[in-house]
Amino acid sequence: MRAPIERHTIAVLVDNEAGVLARVVGLFSGRGYNIESLTVAEVDHAAHTSRVTVVTSGTPEVIEQIEAQLRRLVPVHSVVNWTTAAPGIEREMALVKVAGTGDKRAEAQRISAIFRAHIVDTTHNSFVFEITGAPEKIDNFVDLMRPLGLVDVSRTGVAAISRGPEAM
Amino acid sequence: MDRDGTELKMAPPKAAVGALELSGAETVIRALKDQGVKHIFGYPGGAVLPIYDAIFQQEDIVHVLCRHEQGATHAAEGYARSTGKPGVVLVTSGPGATNAVTGLTDALLDSIPLIVICGQVATHLIGTDAFQEADTVGITRACTKHNWLVKDVDDLPRVMHEAFQIATTGRPGPVVIDIPKDVQFKKGPYVGPASVKHRTYRVKSDPDLGQIVKAIELMANAKKPLFYTGGGIINSGPVASKLLRELVALTGFPVTSTLMGLGAFPASSPEWLGLVGMHGTYEANHAMHDCDVMICLGARFDDRVTGKIDLFSPDSKKIHLDIDPSQINKNVRVDVPIVADAAKALKEMLHFWKTHKKQVDAAALKDWWKQIDQWRAKKSLDYKTSTKLIKPQYAIDRLYELTRGRNVFITTEVGQHQMWAAQRFKFEEPNRWMTSGGLGTMGYGLPAAVGVQMAHPDALVIDIAGEASVQMTMQEMSTAVQYDLPIKIFILNNEYMGMVRQWQQLLHGGRYSHSYSEALPDFVKLAEAYGGMGLRAQTPDELDAKIMEMIDSPKPVLFDVRVDPKENCYPMIPSGRAHNEMILSDAMEEETVVSDEGKMLV
Ligand SMILES: Cc1ncc(C[n+]2csc(CCOP(=O)(O)OP(=O)(O)O)c2C)c(N)n1
Ligand SMILES: [Mg+2]
């Protein structure tokens, strides 16, 4: 009897000090947790804080451990699970390169409009689309581009934030 | 952030005008003094020479020169565990730091406060594969509670004081401060401990009183209660042990303990059931399995304690007190978690028990004790005695009897001898028992004894050792001789890596692959070569007199006790089995009792 695997988005506000990303990533690899995506950037230069957003998966017990282990890291200010806490907004951006001519090229452009992707680079036989949305939307877009000449994908990973006026 | 791998320069705590300017090396020494450090254990090298120079020019801090950096870390662990103070270690870059890794990991798993200061190559050489360069913060990230590479001397006083705070508070643990050589020379303003407040690190040590009330409610209604106590009680300090005794006196509940918790509760008490877990007593393990309320105090449901996790104490409600929130629900789901310092939580438990006028269920408790007495009647620590061979159990019993009433501290190595010592040596007080529990580090005990003796010059410090383990850090005999530390190394020499041999017998059809200790040194001559005293006993009748000789010697002693090479350590819960499926000594002769699934486990 195995508990179901769930996907969770966890935000970690860390002090911006040397090696802090290695601590977060090392915790996941050292304890055998999954990282599906990870984004990190400084969010407050004056306060020396960075925000790490990790999409991970595991049983509810594993997710509970991940949060507890993250809180143990010394430079961590706070940890919020957007999947179990107040539902947040998740967005990801991707750059998607599709090469082709004729019908396939036209079809790629038509689909990109439906997904509200922007064309940020064009040649006679290629496009680079910029698309923003929930990770699933990007998955769908990439799948649709595959038979139309998909050659390259670069994704940012998830950024997440809560709804309403409060900070994390 | 990680971008260029540098410690971002933070605004250093404001130093007063005309503040003390110190070099990095002087800062290290000054900060150690301000933190109350009296002894450090270390080994010099190129990258720490400025700090050694600062040591040379002062007299407040005694530096103990060990013979290997691993030895220095274990000595510091023994020092810490026997005093409740942090242990401090100083090593050089590269090999000095890598040699310290085993001790750091050991201290992490057993929650021992260590501050390990490492030299590093000069900042401009970092990343160039310079001579004796190692990525020390990278290597030690996974085996420390926290670590720092200090690239600016202005950050050094703050980091030094933060290091002590982090190592010693909350769940204690080891920290590493890596200091490049140029930083040791540079001057910067010194600030004392009082002016440092960490930006993120906070410890929650006060219990949630609602949880305390729930806990005593469960305890008062319990029919088959059990205290399961661990190293957290010891780490919390002597007050926690005292309060535990009060709580047991008030309730009359039975008590068992993990390997790390021995001594928190006196082994002479009628409520004491002995060690729990893989080599725990029959009564302790059956009580764990059958209890209806388990009160876990400062233990962490380690696999050596629980056995097969889905068969672990199936019918109990569990109360779990731990200072580290990540231990709650980690291996076992619990009903009443209490995240707090053990002494603070125990104080509240006692308070609420009294003010709420709680009573135990006396009738039920009487039946429970009757059941426990039946388990006790199994006498699971009994063994077949011999008049010809020294049985290892007999040797430990005699050591215990002949050292009773003295000011004794026991350290151990790892193996059968460690388990026999844990089963049989009776501890009445905390901080008297130093062993490598979580990591199981052979070679821990001898240097740990060095550290203990350094802290307690007049005590009788004994390492209960195995002939294989003790050779891993034997060179620290030289340290003991240099500093007049009369440690006693009581070697249960069975000519085997006995614990390995036992598993090979049980799991691998008696194929004793590389577990025989061939080409053993003559430990008596070895002791003499170091300038210590050597003793040997071959038969039971000569043991007592030799033990007395050992105790009375003013020197460090290696005592080669030749014991029965084939003795196994029982009781034993084989891997993958439940607490009520233990094997006892008589039931078990030369048969394979472990399932294939169990063989996968360690
Ligand atoms: C550093 C290290 N290497 C290997 C082991 C695995 N191991 C556990 S017990 C043991 C044998 C110990 O032999 P000895 O010191 O003679 O003790 P005995 O079991 O015979 O009492 C070994 C090799 C270990 N625990 N630590
Ligand atoms: Mg042996």
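Predicted model: local features only at pLDDT ≥ 70, side-chain atom pairs only at ≥ 80, totals over all residues.
1. Helices (H or I, at least four residues) and strands (E, at least two) are DSSP runs, numbered from the N terminus. Glu467(B) and Tyr496(B) are both buried; the cut-offs are under 20% relative accessible area for buried, over 50% for exposed, and partly exposed in between (1.4 Å probe, protein chains only).

2. For reference, ideal angles are 109.5 degrees for four tetrahedral donors, and 90 or 180 degrees for six octahedral ones.

3. A word on bookkeeping. Residues are numbered from 1 along each chain as its sequence is written, while chains are lettered from A and ligands numbered from 1 in the order in which they are written. Local features need pLDDT of at least 70 and side-chain atom pairs count only at pLDDT 80 or more, whereas totals for chains, interfaces and linings use all residues; side-chain values use heavy atoms, with hydrogens and water left out.

4. Now the interface. The contact (heavy atoms within 4.5 Å) takes 23 residues from chain A and 25 residues from chain B. About 2100 Å² is buried between chain A and chain B, with carbon and sulfur atoms giving 50% of that area; buried area is the accessible area (1.4 Å probe) that two parts lose on being put together, summed over both. On the chain A side, Arg23(A), Arg72(A) and Val74(A) lose the most area to chain B, together 28% of what that side buries.

5. What holds charge across that interface? There are 3 salt bridges between chain A and chain B, a salt bridge being a side-chain nitrogen of Lys or Arg within 4 Å of a carboxyl oxygen of Asp or Glu. Glu64(A) and Arg333(B) meet in a salt bridge through their side chains (3.1 Å, N to O). The rule also finds 9 residue pairs in polar contact across the interface of chain A and chain B, both residues at pLDDT 80 or more. A polar contact is a pair of N or O atoms within 3.5 Å; within protein, one must be able to donate a hydrogen and the other to accept it, and residues adjacent in sequence count only if both atoms are side-chain atoms. Helix H1 (20-30), helix H2 (60-72) and strand S4 (76-81) of chain A each supply at least two residues of the side that touches chain B, and H2(A) gives the largest share, 6 residues.

6. His289(B) is worth a look. His289(B) lies in helix H12 (residues 282-290) of chain B and counts as buried at 12% relative accessibility. Its side chain makes polar contacts with the side chains of Asp290(B) (2.9 Å) and Asn580(B) (3.4 Å). Leaving out residues up to four places away in sequence, His289(B) touches Leu311(B), Ser313(B), Pro314(B), His579(B) and Asn580(B).

7. Arg7(A) and Glu136(A) pair at 3.8 Å, N to O, linking strand S1 (residues 6-15) and helix H4 (residues 135-145) of chain A, 129 residues apart. In chain B, Arg424(B) and Asp397(B) meet at 2.8 Å, N to O; Arg424(B) is buried, at 11%, and Asp397(B) partly exposed, at 24%. Salt bridges that share partners also join Glu495(B), Asp522(B), Arg536(B), Asp560(B) and Arg562(B) into one network.
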